[in-house]
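Here's a quick briefing to read with the model open.

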Amino acid sequence: MLRTTPEEITERVVASFETAPERLREIMGALVRHLHAFAADVALTPEEWSAAIASLTATGRITDERRQEFILWSDALGLSMFVDAIAHDLPVGATESTVLGPFFVPNSPLREYGAGIAARAGGDPAWVYGRVRSIDGQPIADAELDVWQNGDDRLYAVQSPDAPEEHLRGRFKTRADGTYAFLGVRPVPYQIPSDGPVGRMLAACGRHSWRPAHIHLIVRATGYRTLTTHVFDSTSEYLDSDAVFAVKPSLLRTFVARRPDDPETPAAVEGVWYSVENDLVLTPGEPDEPFEGDAIDQDTR
Ligand SMILES: [Fe+2]
């Protein structure tokens, strides 16, 4: 009797996708080949296979509208950054992209130029400002910045049951000269959620779960590619060992300490505050998806 080899199993599975639509056939075929090659490489045991299934099951159980453990896996394994890097091969001069992360919540409130995003006190105020422009230097009016960040308790509003939903997030439009500004708080390093399967993997591997201090931004503008990025505090801890590998040196910015008697102190601010200048350079192209105000701006111009 002929014996069945592992290679024959792989070929049989790959062949089962022959009738699938082209792209799906390509993806499923490559997935099976790599998955089987991975199992062969490490000589995966049935016990290790069971542990992986248990971990995936726990990942599903802990995931809900407020907790996305699957994205956390992708982030902690560097897949999110890798996919972003191959999808956004942006030209030199354009602001670099980085991960979306698991804490983005769509439909943040639209706020006025310079408005605060903190719904409650805590942390050092940070005036974030700059200009959105095209790679050719032209300012971009009516671009939309969608910003979110953590507070001095290290948490995003979605992680904190008692925080108002709109705490530390908002959308802002650029003015005619491409400028934008908002009053956030100086971000602090935080740990990615470590009470689930991803945290257990990090602990087992001797990795820490910290991310350096940053503010998230998505920038959308008609006629430009959507940019998902961060502003990193250039003095933060963990810039060299971000748990999700999202740091790019070009995204580091200086948070400048300002005195309360500084003539530029924003109206709502008392005590020491910080300012951080962050210009954003977009690449001409199509936005990922239409955004609120996009069509309206076109019609009324
Ligand atoms: Fe974050």
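Predicted model: local features only at pLDDT ≥ 70, side-chain atom pairs only at ≥ 80, totals over all residues.

The iron site is irregular, with angles of 93 to 153° among its 4 donor atoms. Residues are numbered from 1 along each chain as its sequence is written, and side-chain values use heavy atoms, with hydrogens and water left out.

**Iron site**
- The protein donors are Tyr156 (OH), Tyr190 (OH), His214 (NE2) and His216 (NE2), 1.9 to 2.1 Å from the iron ion.
- Donors here are N, O and S atoms within 2.8 Å of the metal (3.2 Å for Na, K and Ca); water is not among the atoms, so sites may look incomplete.
- Along the chain, the donor spacing reads Y-x33-Y-x23-H-x1-H.
- Both His214 and His216 are buried (under 20% relative accessible area; exposed is over 50%, partly exposed in between, with a 1.4 Å probe and protein chains only).

**Strand β4**
- Strands are DSSP E runs of at least two residues, helices H or I runs of at least four, numbered from the N terminus.
- β1 (residues 110-111) pairs with β4 in the parallel sense over 2 bridges; pairing takes at least two DSSP bridges between the strands.
- Arg111 has Phe172 as its bridge partner in β4.
- β3 (residues 144-149) runs antiparallel to β4, joined by 5 bridges, and Val147 is bridged to Gly170.

**Nonpolar cores**
- In the largest core, of 25 residues, Val132, Leu145, Phe182, Leu280 and Leu282 touch the most other members. A core is a set of buried Ala, Val, Leu, Ile, Met, Phe, Trp, Tyr and Cys residues joined through side-chain atoms within 4.5 Å.
- Strands supplying at least two residues each to this core include β2 (125-134), β3 and β13.
- Apart from that core lies another of 15 residues, among them Ala76, Met81, Val198 and Leu239.

**Pro287**
- Pro287 sits in the loop between β13 (280-282) and α7 (294-300).
- Pro287 counts as buried because its relative accessibility is 16%.
- Leaving out residues up to four places away in sequence, Pro287 touches Ala221, Gly223, Tyr224 and Thr226 (contact means heavy atoms within 4.5 Å).

Key
Tetrahedral: all angles 85-135°; square planar, octahedral: opposite > 155°, others 65-115°.
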